[in-house]
Amino acid sequence: MWQEMNKPKMATEKGASRVLMLLGQLERLNEGPKASDTDATRQITGRILHIIQTQEKTRKEMMSKGSSGMDVILSTLENTRDLQTTLNILSILNELLTVGGGRRTGVFVSKGGTAILLQLLVSSSKDLPLNEELMLHIHSLLFKVGPKDDITSSSDRKFGVKARLNGALNVTVNQVKHNLQNHKLLLPCLQVLRVYSGNLVNAVSLGKSGALELMFEIIGPFSKKSTTLLKVALDTLAALLKSKMNARWAVDRGYMPTLLAIYQDWHRNDTRHRHMIIRKSILGCIKNLTNIKLGRKAFIDANGMRILYNTSTECLPVRTLDPLVNTSSLIMRKCFPKNRLPLPTIKSVYQYPLPHILAGGPVAQLHSLPPGVDDVVDESDENEGTEVDTENDTENEDDETGHKTQNDDIETDINKLRPRQMQARPFDELRVYERFCLEFTQYFKVNDFQSPGSVTPLSVDPNLHNPLIIPTKQNRRPKNIQPPRSNDPPLDLDSISISKALEGKPDPDLACSLGRLVLDGEISVNGESVNGPQEESGDQAVIEVPDTAALLPLHDPDLYLEMVKGTRSVPAYTEVAYPDYFGHVALNLREPILERAYGVQSRTKIFQDIERLIHPSDILDRVVYDLDNQSCPIPDNGESLKFNSKFESGNLRKAIQIRKFEYDLILNSDINSNHYHQWFYFEVGNMRPGVRYRFNIINCEKSNSQFNYGMQVLMYSVQEAINGSPQWVRTGSDICYYKNHFSRSSIAAGGQKGKSYFSMTFTVTFQQKDDVCYFAYHYPYTYSMLKMHLQKLSGMCTNEIYYRQDELCETLGGNSCPLLTITAMPESSSNEHISQFRSRPVVFLSSRVHPGETNSSWVMKGSLEFLMSCSPQAQSLRESYIFKIIPMLNPDGVINGNHRCSLSGEDLNRQWQNPNAELHPTIYHAKSLLQYLRATGRTPLVFCDYHGHSRKKNVFMYGCSVKETVWQTNVNTSNCDLHEDLGYRTLPKLLSQMAPAFSLSSCSFVVERSKEATARVVVWREIGVQRSYTMESTLCGCDQGKYKGLQIGTRELEEMGAQFCVGLLRLRRFTNPLELHNHNSHLLDMENDLKDPRSIPNITSPTTYVLEEDEPAFLEEVDYSAESNDENDPDFEPDLQDNRVLPDPSSDSEISRQDSLT
Ligand SMILES: [Zn+2]
């Protein structure tokens, strides 16, 4: 027993020591005079080879740390002239590198082994005739050392460059050329060629050496023989074709039809799908050829669309062939001819004359665009001529250290990070803002204690140019009809009547839109036919509407119509959308984030899109709604849906019927702009119930959307409303968002945005006959609705509440921008109480600077309702602070259905640094008011601007912190004094503990350069508000907390607004009352409770760096694009570089599968 156990060990030790001994001998021989010792060297290397071939442990011994084994072996290889010795050593290396993983290769590479091998290859290629065995060995070893597809750190990442510099490329090409029939040698040579071609500069050089021709000689139609070889040849070819020069060469010689024919042949003959990877490699070659314009043309000319469409259709039933379907789909989408949008111009239908146009501003740029600039220019390989230059830039492509993780948007200028104690306007000028702060100066008499009562009545301009045509109770309810009233609310029904042809009202659009609603007048509510009233009142019909006022304390349809009359829109809207009129009652249902069905995008939608090209005769292409051509007769064949969006916040420009139940929809650009569209709100009628309708919004701009991650559109059914469910409901299936074949010139896009458009597609089945439905991007919230809510809120005012509504200013479009002051009335007119009243710190809130972010208005509604409520908390909050609130910073944008801008065609949240009094009045006066507050020693304790976020889930905040900004940069912080109060963290932390939708981990306190003109940064830097925030609410839903997995609704948004107020109340407890009296000071020591330094690394999430707009670049990777290598699209670059991007956990398996393909 004992002896047996020890025997192998003894043998190993003996073997190991022998190997070391032999290596020692070899080392001495290397140092001695070489010629005489050839025999000895040959013998020793032969013995070493024998030992390591038989005893694995000796290999370990040779490669152990500190061993000079590899040095000795390599130095022998370098010095020997003896063929047998060389072969011995190559065999030894082969043994050593075959096992042992990457570490051994790493040692080999670090000792310069690659270069020695390459030199050996080149020098031995000069000896004729070539020794086949030697070539075989060298190539096998080179293949082991070179980088593979699955990149390991140990392989030689400089391999491609070294091979070129050593002149090895052509040697291998010649080996391939002369051994086309000798597969034993051909395979390793091809494998090495494949590795060489991974470097783009090499690919160009290899192309010139004839490597392409060779590959086309090797690849061919279906054959069961030599499939390994074929696969390597195809992969080499695909790599070579990544060079545009090579791709051009191949297209010029007609290889596109060849490749397509080969693909078809394999498709036909590989019936048992054993060679899927070969078929995939053929597609890989075709895909790279279509990177160039010429290739895409050749693909179309060779009937590639039909070939790939047909083969893919046949592959669809077999799941294992998904990679083929996906790659085919990618190629087809790339080659789908780019079209301009079917519009006369992408500029907004509506223009608004500005008081003046800033030189160099966006509107000036828009006006200076040459005519016809919208036209598509396929520039995607414009720089083909300069290939060599650009390819030299990729010289270090196999150098791992090239990637940048540092975001260069972070502010690094310490001086810019410090608050600037500057006064932009002289105090004399600011003095006028005193009228917005009467609570500080007002003299309270006893009878003031009713309420300030100074609610400014919103003026109705009697001189509005167009007559308003609104379905009001007053002018349309038949006099002889009593509204049926139920005795028990909340579903008490009120009734209005709506006529098809209104007396003296010539507006055909209105008649048309109402006609949809009533149709044959056969609507019956609660079993009562409404035919009677219709007969009695001529051609008028009556519908019942729910009395939402009973359900919604702040809603009143009559009041809404009153408010609409005072709202001025650029298109002079005369219609009211029913959801806004009836109101929206929050749903009691949970609406889960939608799970994406398998293959919706690549298998269903894309193929239907491609069919447009394959079967053009099936496409109707019938315009059914067109704002650009309103006189154009809309077909009324009963077969088409009817669209409308000519109402407040409406945004639909054109609808085109594509198939019987499919429509392309185009959104209007923001006024005085030629882009910015994502928000939509439109009406649909004349639908057939029970049929699946597909809608495609074809001019979306953002490169990704929460529509890819479970968000649904919102729908409001008028029939459902009448039946007692007046509400917006999440709806739609088969939703996806992807790059489509519509495009614009980059000049038209201002050179900032990508040229491509994206489609948001969804499918809806209508339930009701004769219904009118509305679709929206998010829960609509119009300006008229705000005015109605404010009117209602002022009615809630009690003796305890100090509520004042002022007009901050008039907007460009002539609408009033309300400013609210809410606090508690002083307890009495005693000096003590008045003094307490006036010493309350100010909280400044604003919202809806971005019209498309309607969620921010719902959050604001929640805050306002809480502030006006009679709960003890609300009273306590009012006693703690004076609230200054601008609930809608961009009324004009909201009214006119803009997504991002005001009437000046600019993003108002980029104007805070230098707002123009005429062009950006709301921002100019909001900022001045803040300056006034600061100048009078009342710098707000908190500033928060409510926003909506289209690409992230949950609710979260952006704040400003010098420290956290500096931490994210490489700036040497040793010489900056970084004593920063951490008070800015308190509120978000409190909110994360209280508000279920709020997520602390999504918060960021980094100051970005691109945000330096936003409210948050300017108010922090210039006004000196330390707690200056942007609060972002998701448009989609939550992935944490109580609402995890649910889409967000108005109830949750309003709750967030209320919780924000409660958070402010708690913040009060964490702030030192003494210091609040002098709240220009910055340190609030009691907040230390919440300043857990351990939470700091978590709170700063790198994902919140932003490149443009106020939203992070998309965080979820998804192959929705047709041009995965579209380097010209700025939307893609940063995201791909940022390896810290977190994948969305909700991204589905289809997406990950596609990712793994490209
Ligand atoms: Zn925003």
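The structure is a predicted model, and the protein contains 47 helices and 22 strands. Of its 1158 residues, 60% count as buried, and the accessible surface of the protein comes to about 45,200 Å², with 50% of that surface belonging to carbon and sulfur atoms. Among contacts between residues at least 6 apart in sequence, 78% join residues at least 24 apart.

**The six-strand sheet**

- Six strands, in the order β5-β7-β8-β10-β14-β13, make up an open sheet in which the pairing is mixed.
- The edges of this sheet are taken by β5 (622-626) and β13 (733-743), and because each has a single partner strand, one side of each is left without a neighbour in the sheet.
- From one strand to the next, the twist of this sheet averages 25 degrees.

**The five-strand sheet**

- Another open sheet has five strands in the order β6-β9-β15-β11-β12, and its pairing is antiparallel.
- Here β6 (642-644) and β12 (728-731) stand at the edges, and since each has a single partner strand, one side of each is left without a neighbour in the sheet.
- The twist in this sheet averages 30 degrees from one strand to the next.
- Four bridges connect β12 with β11 (residues 713-717) in the antiparallel sense, and M715 stands opposite V729 in β12.

- In helix α18 (residues 293-301), the buried residues are G295, R296, A298 and F299; they cover an arc of only 160 degrees around the axis, which puts them on the same side of α18.
- On the other side of α18, K297 and D301 are exposed.
- The cover over the buried residues of α18 includes the helices α15 (244-252), α16 (255-269), α17 (276-289), α19 and α20 (322-335).
- Just after α18 comes N303, which takes a positive phi of about 65 degrees.
- Helix α19 (residues 304-315) has twelve residues, which at 1.5 Å a residue should span 16 Å, and its end C-alpha atoms are 16 Å apart, so the two values agree.
- The buried residues of α19 are G304, M305, I307, L308, Y309, T311, S312 and C315.

- Strand β18 (residues 842-847) pairs with β20 in the parallel sense over five bridges, and S846 stands opposite D945 in β20.
- Strand β22 (residues 1027-1034) also pairs with β20 in the parallel sense, over eight bridges, and in β22 the bridge partner of H947 is E1032.

Conventions
Residues numbered from 1 in each chain as written. Predicted model: local features only at pLDDT ≥ 70, side-chain atom pairs only at ≥ 80, totals over all residues. Heavy atoms only, no water. Pairing = 2+ DSSP bridges. Helix = DSSP H or I, 4+ residues; strand = E, 2+ residues; numbered from the N terminus. Axes fitted to C-alpha atoms, helices over the stretch in contact; angles between N-to-C directions. Expected span 1.5 Å × (residues − 1). Buried < 20%, exposed > 50% of the residue type's maximum accessible area, 1.4 Å probe, protein only. Arc of directions from axis to C-beta. Contact = heavy atoms within 4.5 Å. Areas by Shrake-Rupley, 256 points an atom, 1.4 Å probe, with all protein chains shown as cover.
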